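Subject: Structure handover

Hello,

Here is the structure for you to look over. My notes follow below it.

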Amino acid sequence: MPAVMPPLKSHPFIQKRSSAIITSNDLPYESSLVFNAGVIKYRGEYVMIFRNDYGTDRYSYENLNHRFCGTSVGIARSKNGIDGWRFDPTPLIDSNDIQKDPEIERFYDPRIVQIEDRLLLCLAMDTRHGIRGAIAELSEDLRSWRLISAGVPENRNMVLFSEKIAGEYVRLERPMPVYSQGRDRFDIWLSRSPDLIYWGRSELVLGVEDVPWANDKIGPAAAPVKTDKGWLTLFHAVDRDDTRGKNGWEKQWTKRYTAGLMLLDLYDPSKVISVYKEPLIAPDMPIETDEGFRENVIFPCGMVAEKNGEIKIYYGASDTCVCLACAKTDELLSLLL
Ligand code: BMA
């Protein structure tokens, strides 16, 4: 596979594990691709909530035009957040079971936070009338869920801050304003809510033009980590080149997904303190550049800050498997201060 130009590499502060921590083979139910996972520490364990697309394989996709027949969201638990993952026997949400509401097609890309004693999920929600961002609550035994709110299309990649700020819930989000900006030029916004239902007082946080290596779109990644210097915040950033050819299962895949880093104000996170001007994480291992469904994609949805100063970053690689990278909080802050 020729290298995607211009070359982009992960920062040396990022320590990637060389193989995926979860693959489709690990799941106890049908799976073609398992990726984009949110993670929290909950009751002494790491709880992962991941996306699973199922119903085809590379040969059938490329040669027989067999597309995926469903998307589910599933749960796994581990004692150390690295290995020994135990999977619930059935998915939490399955696109083929959401028949009560014929409007909803599927949920995916889950991000999880715990706010006080509530487990809250942000989910992308495809509907017959557009892509919406949904907020849902998970029961404390992690077995059931209920939808709290869903915004109007086109908006997704919502991520909640892990605590109320100035008495309000706060989320990052990424609307898709095609009329005002032309082809994909999508930015990161912030909205506030008294109750997780009514969202407003929206403000622009970061424009795609503020990310030097992105020429297409940016969006929230994982729930920000609170530090005494501000909210340490990952975002995804996309560069696109329409001359790129086959990179994965599809005939042509022209985008590359990387992750950037910024610091947001502790008391008003619509204010950006600083943005690191190079990618923090780029697709640079074979499982990210030469294998899988959509190559040259890394897509973080989970960050866990450990007491010893380490941060675990969970990301989807090539839209195919779940990978883990580690970094140190103070080193990441040194890139921003
Ligand atoms: C985004 C989302 C993610 C996916 C990424 C790369 O737009 O759909 O779920 O990982 O594209 O395909």
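A nonpolar core here is a set of buried Ala, Val, Leu, Ile, Met, Phe, Trp, Tyr and Cys residues joined through side-chain atoms within 4.5 Å. Buried means under 20% relative accessible area, exposed means over 50%, and partly exposed lies in between (1.4 Å probe, protein chains only).

Please note that this is a predicted model: local features need pLDDT of at least 70, side-chain atom pairs count only at pLDDT 80 or more, and totals for chains, interfaces and linings use all residues. Residues are numbered from 1 along each chain as its sequence is written, and side-chain values use heavy atoms, with hydrogens and water left out.

Cores

The largest nonpolar core holds 28 residues. Leu232, Leu261, Leu280, Ile313 and Leu332 have the most contacts inside it. Two or more residues each come from strand 17 (230-240), strand 18 (255-264), strand 20 (298-305), strand 21 (310-317), strand 22 (321-328) and helix 4 (329-334). Helices (H or I, at least four residues) and strands (E, at least two) are DSSP runs, numbered from the N terminus. As background, nonpolar side chains in soluble globular proteins tend to be buried together.

What does Ile313 touch, leaving out residues up to four places away in sequence? The list is Ile14, Leu234, Ile281, Pro300, Gly302, Met303, Cys323, Leu324 and Ala325. Contact means heavy atoms within 4.5 Å.

Strand 9 (residues 130-138) is largely enclosed by the rest of the structure, because eight of its nine residues are buried. Strand 9 runs antiparallel to strand 8, with nine bridges between them. Two strands pair if DSSP finds at least two bridges between them. A hairpin of two residues links strand 8 to strand 9. Across this pair, Leu121 stands opposite Ala136.

Strand 9 also runs antiparallel to strand 10 (residues 145-150), joined by five bridges. Here Ala136 has Leu147 as its bridge partner, and Ile135 stands opposite Ser149. Six residues lie between strand 9 and strand 10 in their hairpin. In that turn, Leu142 has a positive phi of about 65 degrees.

Ile273

Ile273 sits in strand 19 (residues 272-275). Is Ile273 buried or partly exposed? Ile273 counts as partly exposed, because its relative accessibility is 41%. Ile273 touches Lys229, Leu263, Leu264 and Asp265, not counting residues up to four places away in sequence. From Asp216, Ile273 is 57 residues away in sequence and 23 Å away in space, C-alpha to C-alpha.

Cavity

The structure holds one cavity of 30 Å³ or more. On a 1 Å grid over the protein atoms alone, a cavity is a set of points where a 1.4 Å probe fits but cannot get out; a pocket is an open set with protein on both sides within 12 Å along at least five of seven lines; and lining residues have an atom within 4 Å of a point. Grid points are joined across faces, edges and corners, and a volume is the space filled by probe spheres set on the points.

The largest cavity has about 40 Å³ of space. Its lining is Asp109, Arg111, Cys122, Leu123, Ala124, Gly133, Arg156, Asn157 and Met158. By class, that makes four nonpolar, two polar and three charged residues. Ala, Val, Leu, Ile, Met, Phe, Trp, Tyr, Cys and Pro count as nonpolar, Asp, Glu, Lys and Arg as charged, and the others, Gly among them, as polar. Strand 7 (104-115), strand 8 (118-127) and strand 11 (155-160) each supply at least two residues of this lining.

The largest pocket has a volume of about 490 Å³. Of its 28 lining residues, Arg51, Arg106, Arg156, Arg294 and Asp319 are the closest to the centre. The lining has eleven nonpolar, five polar and twelve charged residues. Strand 7 gives the largest share, three residues.

The second largest pocket holds about 400 Å³ of space. Of its 19 lining residues, Ile40, Ser162, Met303, Val304 and Ala305 are the closest to the centre. Its lining has twelve nonpolar, four polar and three charged residues. Strand 20 gives the largest share, five residues.

Best wishes
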